[in-house]
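Let's take a friendly walk through this model, strand by strand. Have the sequence and the coordinates open as you read.

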Amino acid sequence: MLNLGEYYKGYRLYQVYPKKVVFKRDGNNYELYLGGKKTKTEEQKVKQVIQDVPLKVVKKEKIQHYIKNFADIWKNISIDPVFQGKQIKGYKITDIKKGSDFYNFGFRKNDVIIAVNGKDLYSDADAFYFYKHINEFDSLNITFLRDGEEKNIEFNIEGLKK
């Protein structure tokens, strides 16, 4: 079950109608029809939606390590806020160590992280919230810009429960 605004494999549930749901991703709408027979084209679209977002599995031990060793994060990745006027619009990866966990998760230098689990990052507090409450999540969907294109990576956190 998903609530409006929640993500599944990088697609945000945008609207729900009696016979269809609409997901959004990368500025595009994807309609999934409920009930009745689907055409082959509709079935292919559903399969493509599910396959498009990389799914990463992160062991709880890795998460616990970074909770206990906050400084280890900054040994592997550097980020700076991106401003539009006086408002933060995300966090740019200014440096990332090749072979680090963050690099292996799929992040690259110059990616701009703009949202986590559908929540836009408008402040340091917004970003730090997810770090402080990581034990409450069993998955994270990170939305970021790469070369101006919106992308998502979904992380399942193995072994963490709410």
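Helices (H or I, at least four residues) and strands (E, at least two) are DSSP runs, numbered from the N terminus. The model is predicted, so local features need pLDDT of at least 70 and side-chain atom pairs count only at pLDDT 80 or more, while totals for chains, interfaces and linings use all residues. Residues are numbered from 1 along each chain as its sequence is written, and side-chain values use heavy atoms, with hydrogens and water left out.

Start with the sheet. Strands of a sheet pair through backbone hydrogen bonds, either parallel or antiparallel. Here, four strands form an open sheet in the order β1-β2-β3-β4, with antiparallel pairing; two strands pair if DSSP finds at least two bridges between them. At the edges lie β1 (7-8) and β4 (28-33), each pairing on one side only. Four antiparallel bridges join β2 to β3 (residues 20-25), and arginine 12 has lysine 24 in β3 as its bridge partner.

Now look at valine 16, which belongs to β2 (residues 11-16). Is valine 16 buried or exposed? Its relative accessibility is 52%, so valine 16 counts as exposed (exposed is over 50% relative accessible area, buried under 20%, partly exposed in between, with a 1.4 Å probe and protein chains only). Leaving out residues up to four places away in sequence, valine 16 touches Leu4 and Val21, where contact means heavy atoms within 4.5 Å.

Threonine 143, in strand β10 (residues 139-146), is buried, with a relative accessible area of 2%. Beyond residues up to four places away in sequence, threonine 143 touches Tyr7, Val112, Ile113, Ile114, Ala115, Glu150, Lys151 and Asn152.
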